[in-house]
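Please read the numbered points alongside the display.

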Protein chains: 4
Amino acid sequence: MQIGFIGLGNLGTPIAENILEQHNQLFVFNRTAAKAQPLVNKGAVLCATVKELAQQCDVIFTMVSDDAALNHITKSEDGLAANMKEGAIHISMSTILPATAIYLDSLHHVHRNIYVAAPVMGRPEAARAKKLNFLVSGKPVTVETITPLLTAAGAAGVWNIGTATEAANVAKLCSNFLIIAAIEAMAEGINLAQKSGIDATAWMNMITSTLFASPIYKNYGNILLQQAYEPAAFSLKLGLKDVNLINEQAAEKNTEMPLGGVLQQQLQECVNKGFGEHDWTAIALALK
Amino acid sequence: MQIGFIGLGNLGTPIAENILEQHNQLFVFNRTAAKAQPLVNKGAVLCATVKELAQQCDVIFTMVSDDAALNHITKSEDGLAANMKEGAIHISMSTILPATAIYLDSLHHVHRNIYVAAPVMGRPEAARAKKLNFLVSGKPVTVETITPLLTAAGAAGVWNIGTATEAANVAKLCSNFLIIAAIEAMAEGINLAQKSGIDATAWMNMITSTLFASPIYKNYGNILLQQAYEPAAFSLKLGLKDVNLINEQAAEKNTEMPLGGVLQQQLQECVNKGFGEHDWTAIALALK
Amino acid sequence: MQIGFIGLGNLGTPIAENILEQHNQLFVFNRTAAKAQPLVNKGAVLCATVKELAQQCDVIFTMVSDDAALNHITKSEDGLAANMKEGAIHISMSTILPATAIYLDSLHHVHRNIYVAAPVMGRPEAARAKKLNFLVSGKPVTVETITPLLTAAGAAGVWNIGTATEAANVAKLCSNFLIIAAIEAMAEGINLAQKSGIDATAWMNMITSTLFASPIYKNYGNILLQQAYEPAAFSLKLGLKDVNLINEQAAEKNTEMPLGGVLQQQLQECVNKGFGEHDWTAIALALK
Amino acid sequence: MQIGFIGLGNLGTPIAENILEQHNQLFVFNRTAAKAQPLVNKGAVLCATVKELAQQCDVIFTMVSDDAALNHITKSEDGLAANMKEGAIHISMSTILPATAIYLDSLHHVHRNIYVAAPVMGRPEAARAKKLNFLVSGKPVTVETITPLLTAAGAAGVWNIGTATEAANVAKLCSNFLIIAAIEAMAEGINLAQKSGIDATAWMNMITSTLFASPIYKNYGNILLQQAYEPAAFSLKLGLKDVNLINEQAAEKNTEMPLGGVLQQQLQECVNKGFGEHDWTAIALALK
């Protein structure tokens with residue numbers, strides 16, 4: 001089984017390294033070829049085009065930045081759907097609109113190959129520590145097939161969300177929504193505590209040792225208290241992109257999402273203030 | 001040392017029972033005397049007035065519903081401040097405005113007795129299981145004095161927030177803010193998941209097993225998924241009262257609190273729809 | 001000069017009637033042909049397809065419901081751009097995204113015919129009274145050419161917003177934003193007045209006779225006070241569509257729009273409550 | 001009939017001048033006595049204390065900054081209620097909470113003198129031009145008595161809102177709410193227009209010549225387009241105070257007020273940025 005990997009960014013690179021380590025062989029492609037060099041140094045085979053990679057692989061992971069990029073590499077004449085082998089599998093790890101997943105699934109179906117949504121939760125250091133969580137959905141046989149591959153890619157957990165193509169994408173958007181809502185709530189709480197003259201660290205220590213004793217509150221709480229917004233593990237600009245997707249999905253499904261509107265505004269304000277490349281915890285800077 | 005207890009509601013009663021169990025003697029007062037009967041049956045001494053209780057006790061716990069009620073029992077001519085023994089301690093467990101705590105502290109000071117803020121976190125079942133958390137603040141010697149009493153009252157943890165009188169009250173408001181913000185975020189996320197046609201339980205299982213593996217997300221997430229809004233452990237109406245306090249504190253301190261405004265609106269909408277006596281997780285009903 | 005008209009809805013019909021009255025001849029097309037009958041009875045020529053209409057006319061007005069509908073009739077093989085005469089003009093009166101206008105303009109340019117944005121402000125009764133206002137933008141020569149046609153269509157005013165293709169579309173979105181924001185503000189004010197026990201009519205009479213003595217506040221204020229939400233002159237569902245466009249434009253231009261988020265939520269709540277076909281003043285029902 | 005006037009700020013001074021001009025005699029008091037000098041120069045009699053003024057007058061106008069100031073001058077031992085003549089009238093022009101009006105009315109009642117709410121709408125230049133609007137409410141006989149006095153004070157219109165003591169105060173809050181909501185909507189619309197690259201002045205010219213042809217939109221629209229935020233005719237800080245009163249009234253009456261929350265946040269952000277003394281149109285700076 002030949003494996004391919006497209007999209008060697010902050011998170012894509014350590015995931016691809018995990019796979020290469022397990023499988024000894026990996027075909028890679030990146031729009032900016034220079035970013036592929038570290039993997040090539042470790043033995044990966046660099047492809048010049050998406051088409052070249054598509055024609056050689058049985059399973060292809062993609063980790064690209066947004067719906068437009070994924071659409072581009074999948075649906076163009078020289079793209080994945082038209083050039084993958086019959087029965088080959090495209091594992092898409094990006095955070096995208098559910099409607100995009102449905103569309104790409106149908107496109108692959110026409111070309112007799114397979115699309116499967118496997119969005120990933122975790123920062124680059126979690127990838128290196130093989131503590132990622134993958135959300136997956138789709139036909140049971142496909143999910144079963146790819147599960148060991150996701151484990152190779154660095155999964156501590158593989159979570160099956162359902163049989164609908166886009167179910168994992170919905171779950172990913174909802175998860176990111178919970179995270180950014182929690183960050184904003186902590187930012188507002190810490191700000192109120194400090195403006196009220198109390199030691200926010202003592203309070204956060206209590207709350208993250210008891211009711212909110214979970215990784216999100218502990219880790220992001222620390223970043224907020226230390227105002228350690230750089231370097232970004234996940235950029236505020238990408239956070240805004242995801243919140244825009246969440247609100248788009250909500251509008252599409254005629255769903256009220258009051259916090260979604262507020263989060264969009266706060267992130268937008270931070271982007272406009274020039275904090276787009278900070279970590280998304282820098283949403284706190286909209287309050288200053 | 002004689003101990004008194006004022007305010008035998010849902011949460012006050014099990015706390016008073018814990019104290020009675022440890023100390024064998026307890027003076028109690030409740031505006032509606034009938035609610036004191038279960039404690040009297042277990043050996044507590046019923047006082048006819050706040051004044052009668054105040055004159056006999058060295059330490060007095062109060063657990064009343066809001067700032068107005070606490071003001072009333074403390075500052076009136078027949079109230080606590082004017083009638084407590086010199087050096088006696090008033091331990092106030094209510095969620096109130098920091099400014100109220102500062103005011104009452106000064107009032108007690110004039111009468112040469114002591115006010116200390118010790119707001120409590122936990123539902124009635126946590127009180128019965130002695131798994132409460134108390135936030136305390138004030139003079140170190142006072143905090144030291146009352147800590148064993150809080151343990152007797154059912155504390156699993158006593159968290160010292162600082163030496164300012166009102167610090168624990170600020171921390172309590174910030175904590176309740178984090179809780180109701182987390183509930184609203186889950187409610188919106190579950191709603192979007194369901195409107196998008198996916199199994200929200202599968203998603204919530206993933207998220208509360210990983211990034212959000214904490215009591216608040218697990219417990220409240222379950223209530224939301226099961227729509228088990230009755231009976232209320234903490235009523236939506238009281239939740240609205242607390243959010244109004246939070247927003248009042250934010251305005252007082254010239255602090256932006258964008259989520260505070262949204263939470264206020266959602267809770268108000270639910271009260272207007274007739275859900276004031278439901279559990280505050282029923283904030284989800286504003287989305288339906 | 002032959003004139004065509006596509007889109008015979010609530011507002012399109014009286015505008016088309018105005019044109020027919022001035023020009024004696026008018027080619028018409030509507031997806032549901034039955035809706036064209038009143039105009040045919042008055043002498044309009046019914047075309048079976050968009051293509052048939054496109055091939056015969058020198059100027060074509062379109063008044064269709066949204067971006068998708070306008071895209072469809074313009075860009076398909078049998079659509080306007082590919083089938084209009086060289087140099088013919090497509091006057092688009094719909095409220096659409098500025099980006100759609102830019103795209104369609106370039107498409108017409110390729111086919112050597114002309115696109116011009118002329119979104120219209122006014123309800124059907126204003127069309128019948130020839131009191132419409134048109135916003136226009138684009139090349140001065142085109143704007144000059146179409147101005148008398150807009151007057152024939154029922155314009156009391158033709159407002160030139162600038163030379164950029166999409167300028168009039170931006171202005172239309174901003175105008176609708178001001179209107180729905182004013183409606184929501186009045187709805188909230190009237191509601192607060194009534195909940196406070198005062199005569200909201202006395203207050204609104206004062207305010208619309210003085211500081212807010214303008215058509216929007218007088219007319220919509222009356223509808224709100226009388227709760228006369230049916231029949232709709234402009235449906236709430238279309239209002240939500242427009243607010244979604246406004247928010248999309250804001251996101252596209254990295255612009256904060258805090259009221260935009262609130263208006264979207266209130267309208268969405270009303271659609272979910274089943275008021276989508278009411279007049280958009282029914283946004284007030286989100287407060288009840 | 002002797003007339004008194006307390007509160008010689010930006011707006012109080014020209015109103016007092018109008019009265020002095022009509023009545024030749026006027027007793028004045030101001031916390032900072034120096035601010036009374038211009039009126040004294042024109043013949044007003046300066047009183048050293050509120051009590052001194054109270055004892056000499058049959059009608060007393062007050063124009064003080066907030067609920068606390070009005071409470072102070074009215075209810076203290078040396079204040080208005082306790083020292084006014086029997087049957088004398090206190091005309092309160094401040095924007096205050098309806099509950100404060102009810103309380104002060106009852107206090108005056110105890111002392112057998114009369115409180116009447118007559119909040120004023122208009123900027124200092126409107127006072128000088130005698131184009132103010134007064135909202136009044138209360139017992140018909142009282143309203144009838146004071147109407148000519150309000151005309152003397154500079155009223156172009158006196159609007160009777162009802163017989164309840166606080167009705168005019170409710171109407172005033174609702175009016176200020178409409179104004180600041182309109183300002184925010186224009187600010188957001190102008191910002192979106194400009195970020196979209198169009199000439200916002202051309203758009204605003206159209207909209208304020210047609211649908212929004214009213215003083216508020218014309219005047220404040222101009223200030224926004226010119227960013228002429230200084231000097232303040234009505235300071236942003238006072239605007240925030242009023243919005244806080246509106247939200248407090250809404251909470252008190254269990255009323256949803258979604259825009260109220262957003263307006264509070266935007267004004268608070270501007271105060272925090274240091275724009276509290278700018279005109280309240282500077283709410284636009286929260287978007288920059």
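**Notes on the model**

1. Chain D and chain C bury about 4900 Å² between them, and carbon and sulfur atoms give 75% of that area. Buried area here is the accessible area (1.4 Å probe) that two parts lose on being put together, summed over both. On the chain D side, Leu178(D), Leu192(D) and Leu211(D) lose the most area to chain C, together 14% of what that side buries. The contact, meaning heavy atoms within 4.5 Å, takes 58 residues from chain D and 58 residues from chain C. The count of salt bridges between chain D and chain C is zero, a salt bridge being a side-chain nitrogen of Lys or Arg within 4 Å of a carboxyl oxygen of Asp or Glu.

2. The model is predicted: local features need pLDDT of at least 70 and side-chain atom pairs count only at pLDDT 80 or more, while totals for chains, interfaces and linings use all residues. Residues are numbered from 1 along each chain as its sequence is written, chains are lettered from A and ligands numbered from 1 in the order in which they are written, and side-chain values use heavy atoms, with hydrogens and water left out.

3. Strand E8 (residues 132-137) of chain C is mostly covered, six of its six residues being buried. Buried means under 20% relative accessible area, exposed over 50%, and partly exposed in between (1.4 Å probe, protein chains only). Helices (H or I, at least four residues) and strands (E, at least two) are DSSP runs, numbered from the N terminus. One side of E8(C) carries Leu132(C), Phe134(C) and Val136(C), the other Asn133(C), Leu135(C) and Ser137(C), and all are buried.

4. Which strands pair with E8(C), given that pairing requires at least two bridges found by DSSP? Strand E7 (residues 120-121) of chain C runs antiparallel to E8(C), joined by two bridges, with Met121(C) partnering Asn133(C). Strand E9 (residues 155-162) of chain C pairs with E8(C) in the parallel sense over six bridges; Phe134(C) has Val158(C) as its bridge partner.

5. E8(C), helix H8 (residues 140-153) of chain C and E9(C) make a right-handed β-α-β unit. A crossover is right-handed if, with the strands pointing away from the viewer, the path from the first strand over the helix to the second runs clockwise. Another right-handed β-α-β unit is made by E5(C), helix H6 (residues 98-110) of chain C and E6(C). Strands E5 (residues 89-92) and E6 (residues 114-117) of chain C run parallel, joined by four bridges, and Ile91(C) is partnered by Val116(C).

How values were computed: Pairing = 2+ DSSP bridges.
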